[in-house]
Amino acid sequence: MSLLSLIAALLLEQLRPLSRRLFLDPALHWADFLEDRLNAGERRHGLLGWCAALLPPVLVVTAVYFLLDWISPLLAWAWNVAVLYLTLGFRQFSHYFTDIHLALRCGDLARARQLLGAWRGRSAENLSSSEVARLSIEEALVASHRHVFAVVLWFLVLPGPAGAIVYRLAALLAQRWGRQRREDFGEFGDFPRQAFALIDWVPARVTAVFFAIVGDFEDAIYCWRNQAAQWEDPDRGVILAAGAGALGVRLGQPLVENGELTERADLGLGEEADADFMQSTVGLVWRALVLWLLLLLLLGVASWVG
């Protein structure tokens with residue numbers, strides 16, 4: 001049933017991409033509502049806010065699943081599909097990547113910079129075409145993990161669709177609260193950031209393994225072992241290093257943004273990023289997704305035969 005749920009949700013999202021109004025915007029409003037009322041600047045308040053943000057929706061989603069499963073397994077399956085449709089965000093990032101790729105193919109660097117800036121939420125002015133391609137590949141690799149592969153893994157771990165809700169909300173809280181640098185915010189974001197690092201530790205490495213299997217395995221493992229630890233965010237570093245090695249492209253590297261130099265470790269081996277490598281990235285992500293589905297199919301057949 002898990003395989004059929006995933007396939008149905010992916011097909012549904014391809015046919016009708018998810019609107020921000022259905023999941024992201026309500027989740028952000030929920031996070032801001034709790035932060036306004038619970039943030040007193042201490043770590044324990046972050047723990048309380050994190051629990052208050054996750055537990056009610058997770059308990060409701062799980063209770064509805066078991067109730068529907070008691071009535072009819074078909075209704076439980078439909079509920080799985082609905083929740084996965086809300087949490088699997090494949091098309092939430094792919095349209096940016098596709099449009100940037102097309103702009104670079106057509107030689108419209110200004111358009112590519114504009115799209116990348118809108119995607120990342122920061123200016124991309126003065127970036128070269130190689131830098132635009134490089135950052136786009138990095139964003140796509142991490143987004144495919146955060147919006148697809150990690151969601152799938154947690155969906156399989158917890159009963160019903162609870163795992164998908166846990167991962168997506170934990171990721172959102174780490175982004176919304178964990179990256180705040182305001183003085184009045186205090187230590188409220190420390191626990192959400194650390195909790196997500198724990199939740200994402202295994203999924204990040206599973207995604208890296210899948211990238212290695214469907215790409216250049218030897219280079220992917222080499223880059224993972226020798227370069228990932230140099231990245232500021234270890235889990236992100238694992239995904240990017242393995243992805244860069246699997247593609248045979250160079251990612252990372254120091255970058256000048258808004259007139260300031262951002263130190264970034266070198267990742268990957270091979271050539272500079274360009275539009276051709278962006279196309280290769282699409283193939284890598286799709287092959288990894290197909291491998292996930294094949295693995296689920298084999299597990300389902302083995303369970304049925306057993």
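**Entry 1: α4 and α8.** I began with helix α4 (residues 73-87) and α8, whose axes come within 9 Å and cross at roughly 15 degrees. Axes are lines fitted to C-alpha atoms over the stretch in contact, with angles from 0 to 180 degrees between N-to-C directions. The two helices are therefore roughly parallel (angles under 35 degrees). I noted Val-83, Leu-84 and Thr-87 of α4 against Ala-164, Ile-165 and Arg-168 of α8; contact means heavy atoms within 4.5 Å. By class I listed 4 nonpolar, 1 polar and 1 charged residues in this contact.

The model is predicted: local features need pLDDT of at least 70 and side-chain atom pairs 80 or more, while totals for chains, interfaces and linings use all residues. Numbering runs from 1 along each chain as its sequence is written, and side-chain values use heavy atoms, without hydrogens and water.

**Entry 2: α9 and α10.** Next I checked α9 with helix α10 (residues 217-227), which pack at about 150 degrees with axes 7 Å apart. On the α9 side I found Arg-205, Ala-208, Val-209, Ala-212 and Ile-213; α10 brings Phe-217, Ala-220, Ile-221 and Trp-224. This contact has 8 nonpolar, no polar and 1 charged residues.

Entry 3: I then looked up the largest pocket, with a volume of about 2,000 Å³. A pocket is an open set of points on a 1 Å grid where a 1.4 Å probe fits, with protein on both sides within 12 Å along at least five of seven lines; lining residues have an atom within 4 Å of a point. Of its 49 lining residues, Glu-139, Arg-146, Gln-175, Arg-179 and Arg-236 are the closest to the centre.

Definitions and conventions. Points joined across faces, edges and corners; volume = space filled by probe spheres on them. Helix = DSSP H or I, 4+ residues; strand = E, 2+ residues; numbered from the N terminus. Parallel < 35°, antiparallel > 145°, perpendicular 65-115°, else oblique. Nonpolar A, V, L, I, M, F, W, Y, C, P; charged D, E, K, R; others polar.
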